[in-house]
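Open the model in your viewer and keep the selection tool at hand. The tour below goes stop by stop.

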Amino acid sequence: MDKIRNYDIAFSGLKNGKHDFVFEIKQEFFDLFEIEQEFDNAAFQVNVKLDKYSTFLEFVLQIHGTVDLICDISSEQYSQSIENRMKVLVKFGEEYDDSNEEIITIPHHDSNFNIAQLIYEGVVLSIPMKKLSPNLSQEDLDLVEQYSPTEDIEEEEEEQDDSEIDPRWAILNQLKDKN
């Protein structure tokens with residue numbers, strides 16, 4: 001885990017104001033987390049803007065790069081462009097607390113802040129749920145469209161006849177209609 005320290009930003013010696021940092025992220029970075037990834041060949045540049053104030057720190061991370069994914073339809077490997085922008089406030093308190101995703105509390109005596117977890121989450125959460133290769137044929141795309149859920153399902157549920165409702169729930173629907 002010593003390599004995780006490569007992503008520490010030492011803020012204690014910095015003057016108040018804006019500071020820029022750049023990190024080059026490769027697949028080895030993700031391997032540090034020892035969690036199986038659904039992508040390979042990650043290559044990212046992370047531009048970090050730190051705005052240091054006397055009572056808190058403001059970090060803005062701009063992540064852009066590519067990963068190789070496996071298409072859900074064709075099982076073909078393809079390169080997916082990923083971009084994400086994150087803003088995090090870091091304030092000082094008694095102990096570390098990251099329960100709020102936008103405000104992180106670190107102990108007063110800390111002199112640096114590690115952004116590795118933020119980078120990791122910024123990339124992993126930007127991976128699309130539906131992985132479709134740009135090389136899919138029109139026939140494959142038509143099949144995806146045909147079998148994708150649509151809003152019609154919700155409309156059909158709303159339009160159900162009251163006779164199909166379980167009688168135990170019918171009374172509750174009557175109460176709902178009164179309000």
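**Stop 1: the largest pocket**

In this predicted model, the largest pocket has a volume of about 450 Å³. Select V88, E101, I104, L118 and E121: of the 21 residues in the lining, these lie nearest the centre. Next colour β5 (77-93), β6 (103-107), β7 (112-114) and α2 (116-124), the elements that each give two or more residues to the lining. By kind, the lining residues are nine nonpolar, six polar and six charged.

**Stop 2: salt bridges**

Side chains of opposite charge can pair when their charged atoms come close. The model has four salt bridges, and three of them are visited here.

Select D51 and K18, whose side chains meet with N and O 3.2 Å apart. D51 is in strand β3 (residues 40-52) and K18 in strand β2 (residues 17-26), 33 residues apart. Which of the two is buried? D51 is, at 11% relative accessibility, whereas K18 is exposed at 69%.

Now select K49 and D20, a salt bridge with its closest N and O atoms 3.5 Å apart. K49 lies in strand β3 and D20 in strand β2, so this pair ties together parts 29 residues apart in sequence.

Then go to E38 and K131, where the closest N and O atoms are 2.9 Å apart. E38 sits in the loop between α1 (27-31) and β3, and K131 in the loop between α2 and α3 (138-147), 93 residues apart. E38 is partly exposed at 46%; K131 is buried at 10%.

**Stop 3: a nonpolar patch**

Finally, select W169, I171, L172 and L175, which make a nonpolar surface patch of about 430 Å². L175 lies in helix α5 (residues 167-178) and is partly exposed, with a relative accessible area of 46%.

Definitions and conventions
Residues are numbered from 1 along each chain as its sequence is written. This is a predicted model: local features need pLDDT of at least 70, side-chain atom pairs count only at pLDDT 80 or more; totals for chains, interfaces and linings use all residues. Side-chain values use heavy atoms; hydrogens and water are left out. Patches are made of residues with over 30% relative accessible area and no salt bridge: like charges are joined within 9 Å, nonpolar side chains (Val, Leu, Ile, Met, Phe, Trp, Tyr) within 5 Å. Accessible areas come from the Shrake-Rupley method with a 1.4 Å probe; for residues, only the protein chains shown count as cover. Helices (H or I, at least four residues) and strands (E, at least two) are DSSP runs, numbered from the N terminus. Buried means under 20% relative accessible area, exposed over 50%, partly exposed in between (1.4 Å probe, protein chains only). On a 1 Å grid over the protein atoms alone, a cavity is a set of points where a 1.4 Å probe fits but cannot get out, and a pocket is an open set with protein on both sides within 12 Å along at least five of seven lines; lining residues have an atom within 4 Å of a point. Grid points are joined across faces, edges and corners, and a volume is the space filled by probe spheres set on the points. Ala, Val, Leu, Ile, Met, Phe, Trp, Tyr, Cys and Pro count as nonpolar, Asp, Glu, Lys and Arg as charged, and the others, Gly among them, as polar.
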